[in-house]
Amino acid sequence: MAKVYYDHDADLGFLKDKTIGAIGYGNQGRAQALNLRDSGLQVIIGVHADETHQQATSDGFKVFSIPEASTQAQVLLLLIPDEVMPEAFENEVLPGLSQGDTLCFASGYNIAFNLIEPPNGIDVIMVAPRMIGAGVRQRYFERKGFPSFIGVHQDASGNALNTALAIAKGIGSTRSGVMLLSFAAEAELDLFTEQAFGPAFGQVLLSAIQTLIDAGYPVEAIMMELILSGEFAYSMQKIVEMGFFPQMELHSHTSQYGSMTRSARFMNPQVPQTMQEVLEEIRSGAFAKEWEAEQKAGLPVFNQIKEMRNQHPIAEWERATRQAFHMD
Ligand code: NDP
């Protein structure tokens with residue numbers, strides 16, 4: 001059984017007398033900084049002089065350049081996009097790090113794939129919320145919490161885990177529970193969801209739409225039936241709340257019989273086989289290398305596929321359906 005920590009396992013005292021520097025003030029940066037401040041901790045912000053600088057200033061924070069915040073803070077939360085982090089770390093964060101400081105990541109990616117190699121003598125920890133930034137803030141107010149994966153990559157002080165737990169408590173996560181995981185496992189699970197589960201699911205949805213279009217049903221009815229009514233999303237929410245099989249009881253007997261008797265036909269061995277291949281590319285670091293090279297080349301494949309994606313008629317089908325049902 002995995003180890004899960006809650007509020008009573010975490011002590012904000014490990015952050016007392018420390019200045020926390022949130023590097024980046026976007027989705028996670030703003031939510032985490034506000035929550036930590038509302039938890040009574042001392043937080044400063046490090047950003048470039050741009051829009052997020054203005055936002056952080058108007059939220060009442062002391063805002064500095066990234067090098068200045070990295071120098072002043074003893075606990076640094078790296079909350080900028082993963083793909084820009086290695087360069088920003090090397091040029092703007094690393095020079096300000098001192099022995100005894102703590103570096104906290106919200107994703108295992110850059111450590112797992114050796115894109116950032118922190119110096120010795122500092123703690124390197126992870127507090128990776130399973131929640132978008134807006135939810136991090138909202139659930140803090142609702143006192144509900146949200147799950148996170150936490151990790152320790154380097155424990156110079158002997159207190160790295162306690163610091164990770166304190167940050168998790170400060171952002172409101174331990175109310176729900178946080179699980180100890182390696183940086184690599186966090187990154188691999190995250191990438192697998194994005195690269196296997198998500199695309200496989202997306203392809204199934206597009207296949208269903210195309211099958212029904214080819215069979216001559218009105219596109220507005222198809223889109224309403226499959227997606228826009230929200231019925232499917234509601235069932236997904238019930239899976240979260242009740243469980244995969246128990247939620248089936250919410251559906252009619254006809255629905256249950258049809259679904260159970262037909263599901264075996266969709267057990268295509270190619271799907272798990274492809275998922276295994278994708279997972280292997282992630283775990284071997286091949287994907288991280290490919291993505292790094294793509295960025296250095298100026299994102300040619302990324303932009304080309306985005307362009308192709310924009311040509312797909314689904315946006316038009318969605319627009320027509322929203323218009324037909326006065327959903328605009
Ligand atoms: P955002 O894209 O919201 O980060 C935006 C912030 O990063 C802004 O302050 C932006 O400033 C700054 N920034 C962007 N580019 C640079 C750069 N080259 N140099 C310095 N600062 C830069 O990031 P997220 O909050 O989405 O992600 C932050 C971390 O949290 C990542 O590690 C991510 O994996 C993790 N995470 C994210 C989740 C999410 O819901 N988004 C969920 C869980 C974890 P400006 O644009 O003004 O330059």
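1. Start with α8 and α9. Helix α8 covers residues 183-214 and helix α9 covers residues 219-228; they pack at about 150°, with axes 10 Å apart. Helices here are DSSP runs of H or I with at least four residues, numbered from the N terminus. Axes are lines fitted to C-alpha atoms over the stretch in contact, and angles run from 0 to 180 degrees between N-to-C directions. The crossing of α8 and α9 is right-handed (the near helix is turned clockwise from the far one by less than a right angle).

2. Which residues make this contact of α8 and α9? From α8 come L205, A208, I209, L212 and I213; from α9 come V219, I222, M223, L226 and I227. Contact means heavy atoms within 4.5 Å. The residues divide into ten nonpolar, no polar and no charged (Ala, Val, Leu, Ile, Met, Phe, Trp, Tyr, Cys and Pro count as nonpolar, Asp, Glu, Lys and Arg as charged, the others, Gly among them, as polar).

3. A note on the source. This is a predicted model: local features need pLDDT of at least 70, side-chain atom pairs count only at pLDDT 80 or more, and totals for chains, interfaces and linings use all residues. Residues are numbered from 1 along each chain as its sequence is written, and side-chain values use heavy atoms, with hydrogens and water left out.

4. α9 also packs on helix α15 (residues 314-324), at about 95° and with axes 9 Å apart. That makes α9 roughly perpendicular to α15 (angles of 65 to 115 degrees count as roughly perpendicular, under 35 as roughly parallel). V219, E220, M223, M224 and L228 of α9 are in this contact, with α15 residues including W317 and R322.

5. Helix α1 (residues 27-38) and helix α6 (residues 133-141) cross at roughly 20°, and their axes come within 7 Å. They are therefore roughly parallel to each other. Among the contact residues are N27 and Q28 of α1 and R137 and Y140 of α6. Five are nonpolar, five polar and two charged.

6. Now the ligand. It is surrounded by 22 residues, the closest being Y25, N27, Q28, D50 and D82 (a heavy atom within 4 Å). A polar side-chain atom of D50 lies 2.3 Å from a ligand oxygen atom. For Q28, a backbone N or O atom lies 2.8 Å from a ligand oxygen atom. For T52, a polar side-chain atom lies 3.2 Å from a ligand oxygen atom.

Terms used
Helix = DSSP H or I, 4+ residues; strand = E, 2+ residues; numbered from the N terminus. Parallel < 35°, antiparallel > 145°, perpendicular 65-115°, else oblique. Polar contact = N/O pair within 3.5 Å; in protein donor to acceptor, adjacent residues only side chain to side chain.
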